[in-house]
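Please keep the sequence and the coordinates in view while reading.

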Amino acid sequence: MKLHDAYRQPAATWSRIEMLIAAFDGITERLEQAQELLASGESLKAQPLLLRSQRIVLALYEGLDLRYGKIPENMQKLYLFVLNCIGVGSTLDLPAALDVLRTIRSGLESIRYT
């Protein structure tokens, strides 16, 4: 295959649920890495991971459409809680943020194939 042939291939098609799961996986992975770095006293190395996680959560937050009732309203509250736990608030609570993110991801995974 020639290099320019790669551009002719159809793009992978992801469903919205798959993109959400990938976003949650990315946040979780970064926060787990940050948690390890913070535990070993390397807070400067953890900062970029925390900031990237905040940006992803903010992007998810911005994507909510509150016209659709209680579910987006509740997701908004959960995203704000996670943001508070990962550096917007006065203290870090990465275990709490990870717990919420894993719970949401698990719910998304359960509806992925329905």
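**A guided reading of the chain**

Glu36 counts as exposed because its relative accessibility is 59%; the term exposed denotes over 50% relative accessible area, buried denotes under 20%, and partly exposed lies in between (1.4 Å probe, protein chains only). Glu36 belongs to helix H1, which covers residues 16–39.

The model is a predicted one, in which local features need pLDDT of at least 70 and side-chain atom pairs count only at pLDDT 80 or more, whereas totals for chains, interfaces and linings use all residues. Residues are numbered from 1 along each chain as its sequence is written, and side-chain values use heavy atoms, with hydrogens and water left out.

The secondary structure consists of four helices and zero strands, where helices (H or I, at least four residues) and strands (E, at least two) are DSSP runs numbered from the N terminus. Along the sequence this gives the pattern α-α-α-α. Of the 114 residues in the chain, 29% are buried. The accessible surface amounts to about 7900 Å², and carbon and sulfur atoms account for 57% of that area; such areas come from the Shrake-Rupley method with a 1.4 Å probe, and for residues only the protein chains shown count as cover. A contact is defined by heavy atoms within 4.5 Å. Among contacts between residues at least 6 apart in sequence, 54% join residues at least 24 apart.

What forms the interior? The largest nonpolar core has 28 residues, and those with the most contacts inside it are Phe24, Ile27, Leu31, Val57, Leu60, Val82 and Ile86. The elements that give two or more residues to this core are H1, helix H2 (43–62), helix H3 (70–88) and helix H4 (94–112). A nonpolar core is here a set of buried Ala, Val, Leu, Ile, Met, Phe, Trp, Tyr and Cys residues joined through side-chain atoms within 4.5 Å. In soluble globular proteins, nonpolar side chains tend to be buried together.

Beyond its neighbours within four places in sequence, Ile27 is in contact with Ser53, Ile56, Val57, Leu60 and Leu101. Ser53 is located in helix H2 and counts as buried because its relative accessibility is 0%. Not counting residues up to four places away in sequence, Ser53 touches Ile27, Arg30, Leu31 and Ile86.

The structure has one aromatic pair. Phe24 and Tyr79 form this pair, which is tilted, with 6.4 Å centre to centre and 35° between the planes. The pair links distant parts of the chain, since Phe24 lies in helix H1 and Tyr79 in helix H3, 55 residues apart. Rings of Phe, Tyr and Trp (its six-membered ring) pair if their centres lie within 6.5 Å; planes under 30 degrees apart count as stacked, over 60 as edge-to-face and the rest as tilted. Both Phe24 and Tyr79 are buried.

Helix H4 has 19 residues and reaches 26 Å from its first C-alpha to its last, close to the 27 Å expected at 1.5 Å a residue; the expected span is 1.5 Å times one less than the number of residues. The buried residues in H4 are Leu94, Ala96, Ala97, Leu98, Val100, Leu101, Ile104 and Leu108. The buried residues of this helix pack against H1, H2 and H3.

Charged side chains complete the account. Six salt bridges are found in the whole structure, each being a side-chain nitrogen of Lys or Arg within 4 Å of a carboxyl oxygen of Asp or Glu. In helix H4, Arg105 and Glu109 are four residues apart, about one turn of the helix, and their salt bridge has its closest N and O atoms 3.1 Å apart. Arg105 is partly exposed because its relative accessible area is 23%, and Glu109 is partly exposed at 25%. Asp25 joins Arg105 and Glu109 in a network of salt bridges.
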